[in-house]
Each structure stands twice: as C-alpha cells, then as structure tokens.
Amino acid sequence: NAKYSYGLNFHHFSSWAEPIGKIQKKFAYAPTSDTRVHLFFNRYFKNYTLYSSVGYNHELANLYGFSKDWGFPDFYYEKDYRDSIRNSFHHAKGEVGFRSNYTTEDKRFKEDVRLHYDFLHTYWKDMEHQIGLKSVFAYDSRFLKISGYQHYQLDFDVDYYLNSWNDSIMIGVGNKIPAKNIDNSFKIELRPTMNFTIKEYHLVVGVGVPILVANNATKCPVYPIAELQMGLVRGLLSLYVGVDGNAKYNSLHEMLYENPYVKPQLDSLRFSRTQVSVYGGIKGNLVKKLNYHIAARYSFVQDMPFYVLDTTCLLKNQFGVAYVDKASVLNVSANLSWEMINHLYLNLNANYWGYYFKEEQLVHPWYKPHWEIGFEGRYILNNKFIFTANAKCGFDRWALVPQVGYDDLGQVIITGYQAENDIHKLEDGSKSSVKPVLNFGIGFEWLITPQFTAFANINNIGCQYATNYYAFNNFGINALAGITYSFGNEPFKNPKKKKN
C-alpha cells in the first residue's frame with residue numbers, strides 16, 4: 001500500500017518437561033516460556049512519515065541454578081517449591097513518532113521526533129516505568145565552495161525512570177502492607193555535531209552534554225565527539241579514528257533481558273558514564289564482495305556494572321550487581337564477510353575484551369568472556385529454499401563456584417567459594433567446573449509464497465550445557481519448527497467498483 005504499512009509479529013516458546021540427563025537432574029524443575037507480540041503501523045505522507053508500534057513480552061524464568069551436590073534438602077527441587085524460585089516479568093512498550101522524508105540532497109530542515117514508553121512488572125512486584133523523548137534535527141548544505149557537503153545535526157534526548165520495589169520488612173503488620181521504596185532517575189542530553197565530507201575525507205566534530213539526576217545527586221559528564229575517516233585506496237582501504245562517550249542508565253528491564261537471574265528488589269540501579277572512548281579501525285574490500293573490518297576501542301568508564309553471585313541468599317541461585325567506580329575496557333574486533341556466489345553468504349567475526357580495574361573494587365570481571373567468536377552462513381537454493389548454519393563461542397570467563405564439605409553431622413554443606421575460569425586449570429591442576437560457551441546450530445526455511453514460509457532450526461548441536469552464568473545450564477540439543485505469514489500489501493478497503 002502506497003500510504004500505509006502495518007504488521008503483526010507473534011512469538012511463543014515454552015518448555016515444561018522434567019529435567020533430562022544426568023547433569024540436569026541435579027537441578028530444580030524449571031519450566032520456561034517466552035511470549036512476544038509486536039504490532040506496528042506507519043502512515044506515509046508526501047514529505048513526512050508517521051510511525052507507531054506497541055509490544056508486549058512475558059518471560060517466565062526460574063532461579064533454578066542450585067545443585068543437589070551443594071547439600072540442599074530435596075524439598076527445594078520439587079514442583080511445590082517452584083513459585084518460590086520464579087523470576088518472571090511482564091514488559092509492555094509503545095512508541096509514536098514522525099520523521100521527514102528528505103534526503104541529504106534536499107536543502108531542507110529535517111527532523112525525527114519519537115515518544116516512547118516502557119513498563120516492566122516482575123513476579124516479585126518490582127516495577128519500572130520509563131518515559132522518553134528522542135529527537136534529531138538536521139540540515140544539509142553545500143554553501144561552502146568545495147566538492148562535498150556539510151551536515152549539521154542536533155540530538156535532543158530526555159529519559160525519565162521511575163522504579164519501585166517492595167521491601168521484605170513489613171509495615172502495618174495488621175494490614176499486611178509491604179514497605180515500598182521509590183526511586184526517580186532523569187537524563188536530559190544535547191549532542192550538537194557538524195559533519196563535513198570532501199571526496200574521500202569525512203570529518204565529524206561535536207560535543208555531548210548529558211545532565212543526570214539520580215541518587216539525590218546531579219552530574220554533567222560532558223564528553224567530546226570527533227571522527228576522521230580517510231579513504232586511502234578508493235573502494236579497497238579506508239582508515240578512521242575518533243573519540244566519543246555516553247551516559248547510560250542501567251535500567252531493570254535491560255538487566256533482566258541480559259541476565260534473567262538477577263535478584264528481586266534490586267535497589268542499586270544507576271547511570272554508567274563513559275566520558276572518553278577512543279577508537280579506530282580499517283575497513284574495505286580484499287577482492288570482489290569480500291569485505292573486512294578491523295577495529296579497536298579503549299574506554300574509560302565510571303560506575304561500570306558487573307553481575308556477582310549473591311552469596312547471602314539461601315540457595316545461592318541469584319545475582320546482584322556490583323559497580324566499579326573506575327574501569328578501563330579494551331575491545332578489539334574483526335569481521336570478514338564474503339558473498340562467494342550470488343546465493344552463498346558467509347560472515348565471521350571475533351572479539352577480544354579486556355577489563356582493567358583495581359582488584360580491591362572487583363577481583364575479576366565476573367561472567368564476561370574475554371574472547372568471542374561467531375560464524376553465520378546462508379545458502380539460497382532456487383530462490384525457494386534457505387539453508388543456514390551458525391556458531392557462537394565464548395571463553396575465558398570467570399565465575400564464582402560454591403565449594404562443599406561436611407559439617408559435624410556428616411551432612412554436605414557449602415563451606416566457601418572459589419573463582420574459576422573456563423580455560424585455566426585450578427591451583428591443584430584439576431579441571432575447572434566452568435565450561436566455555438559453545439553453541440552450534442543449523443536451519444532450514446521454505447519460501448512457499450512471498451507471504452507464507454515454513455522453517456525448522458536445530459540448536460546446540462554439540463549438546464553443551466554451559467551457559468553465560470554458572471549452574472544455569474541451558475537446553476541440550478533442541479529443535480524448533482514453525483510457520484510465518486506476513487501481511488500488509490492488502491488495502492484497508494476494497495476498491496470501489498465503477499458503475500456501468
């Protein structure tokens with residue numbers, strides 16, 4: 001439709017089976033489900049586009065990462081105890097905005113303004129509201145008498161977070177009313193930038209000015225924005241260097257998506273600030289359709305979050321968040337993509353992460369891999385069948401592992417904790433109980449019609465139980481099959497028939 005576009009996406013995945021296998025039977029019964037619905041609607045005008053979307057997600061997660069080898073009674077592993085280890089949440093969101101359809105060739109004022117709202121509600125009654133405004137105002141010009149163009153842009157963002165959680169301490173015992181804590185966080189940020197392009201040279205200069213209000217304090221961590229890109233060999237080799245920064249709120253909904261085993265009543269949410277981040281890289285083509293990109297970034301971060309095992313909880317099955325006051329992070333990445341023939345696509349990427357901070361702040365960068373390698377391949381046969389293969393590996397990760405012993409009655413108990421790494425042996429020469437993440441998968445898709453397809457995926461072919469967080473083992477080998485149907489080409493109304 002020339003004036004409208006709309007769509008609906010629905011996804012549901014669930015597993016209710018009992019633990020299978022020798023290893024998984026050591027852990028609690030942990031059914032899981034993930035339900036997602038997303039609806040969008042766009043209206044196109046001559047010079048502007050009005051866009052909107054709403055979405056909902058319900059994720060059922062359980063804090064099942066406690067082993068029978070740690071000496072806990074059988075009661076904690078039965079179905080009757082399941083509600084006590086739930087950590088599920090509901091997440092609703094919506095946005096509406098408008099943007100201009102002008103291109104860089106148009107000497108017109110351009111804008112993109114969007115309002116969005118997120119609401120999160122957990123099983124333990126923790127709640128988070130986020131209301132935000134993101135806007136971009138820009139103008140392109142060629143008034144300088146040079147072969148190139150100038151782009152002037154102002155980004156203006158506003159974010160407000162309202163978090164509330166219930167204390168375990170009860171007030172008004174007779175009425176059974178839980179004490180409720182409420183925390184407000186606010187960010188307003190301006191980013192004016194100027195962009196100059198002359199043939200193979202590209203220059204960006206600007207500044208970021210965020211104003212942060214949180215924890216009864218106001219901060220303004222100004223950061224520079226600059227980038228220079230040079231085409232050394234046209235089409236084959238380009239070099240770029242730059243510096244930037246950011247101020248990011250570590251919201252509850254982002255943490256739960258990254259780590260669904262974060263403990264309830266998390267009251268340590270705050271902003272992380274990167275006032276200086278220096279980066280650079282090279283990219284280009286080696287041969288026809290063989291693209292490469294090598295980059296490095298070194299950042300100085302304040303209040304950087306890390307997930308840490310909560311050793312104070314009964315079952316040692318949830319994570320808190322520890323913040324490092326001052327940390328330095330090095331990331332070196334490489335990417336190689338190749339379209340070998342018209343229907344075969346290959347992509348290989350690798351990342352190294354280095355974390356540097358004082359040991360008295362944090363002993364290790366818990367649960368973050370130092371090395372990550374990924375592969376994606378896709379082959380299209382007769383424009384009808386799509387075959388895919390993928391791999392994701394992560395290793396050199398530190399975890400805190402409970403150690404067991406015996407009490408005076410001969411009962412197994414947790415006696416302490418030991419830092420273990422998935423590629424380093426222990427001090428006594430034995431193997432670590434922490435394993436690397438090795439995930440391999442294949443897929444197939446049948447394009448029956450332009451709107452209707454069928455698919456099947458097999459994940460974790462190597463049947464590795466290792467996951468990002470120790471003791472929270474993922475599924476073994478598993479398969480997923482389904483169908484997809486897309487719509488939106490149909491008009492909202494049937495065309496009127498002409499009368500004879």
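What share of the contacts in the protein with a separation of 6 or more is accounted for by residues 24 or more positions apart? The share is 58%, where a contact means heavy atoms within 4.5 Å. This is a predicted model, in which local features need pLDDT of at least 70 and side-chain atom pairs count only at pLDDT 80 or more, while totals for chains, interfaces and linings use all residues. Residues are numbered from 1 along each chain as its sequence is written, and side-chain values use heavy atoms, with hydrogens and water left out.

Let's begin with the overall picture. The protein comes to one helix and 23 strands; these are DSSP runs numbered from the N terminus, helices being H or I of at least four residues and strands E of at least two. Its C-alpha atoms fill a box of roughly 85 × 65 × 60 Å along the principal axes. Of its 500 residues, 38% count as buried, that is, under 20% relative accessible area, with exposed meaning over 50% and partly exposed in between (1.4 Å probe, protein chains only).

Now step inside. The largest nonpolar core has 52 residues; such a core is a set of buried Ala, Val, Leu, Ile, Met, Phe, Trp, Tyr and Cys residues joined through side-chain atoms within 4.5 Å. F66, F319 and Y367 have the most contacts inside this core. The elements giving two or more residues to the core are β9 (201-214), β12 (237-249), α1 (252-258), β14 (290-309), β15 (319-341) and β19 (398-406).

Together with I23, F27, S433 and N473, Y470 lies nearest the centre of the second largest pocket, which is lined by 26 residues. On a 1 Å grid over the protein atoms alone, a pocket is an open set of points where a 1.4 Å probe fits, with protein on both sides within 12 Å along at least five of seven lines, and lining residues have an atom within 4 Å of a point. This pocket has a volume of about 580 Å³, meaning the space filled by probe spheres set on points joined across faces, edges and corners. Strand β19 gives the largest share of the lining, five residues. The lining divides into 14 nonpolar, seven polar and five charged residues; Ala, Val, Leu, Ile, Met, Phe, Trp, Tyr, Cys and Pro count as nonpolar, Asp, Glu, Lys and Arg as charged, and the others, Gly among them, as polar.

Charged pairs come next. Side chains of opposite charge can pair when their charged atoms come close. The structure holds 15 salt bridges, each a side-chain nitrogen of Lys or Arg within 4 Å of a carboxyl oxygen of Asp or Glu. In one of them, R114 meets E95 at 3.0 Å, N to O. R114 lies in β5 (residues 109-122) and E95 in β4 (residues 89-100), so the pair ties together parts 19 residues apart in sequence. R114 is partly exposed at 23%, and E95 is partly exposed at 25%.

K134 and D157 meet at 4.0 Å, N to O. Because K134 lies in β6 (residues 127-141) and D157 in β7 (residues 148-171), this pair ties together parts 23 residues apart in sequence. Here K134 is partly exposed at 29%, whereas D157 is buried at 7%. Both belong to a network of salt bridges that links K134, D155, D157, K187, E189 and R191.
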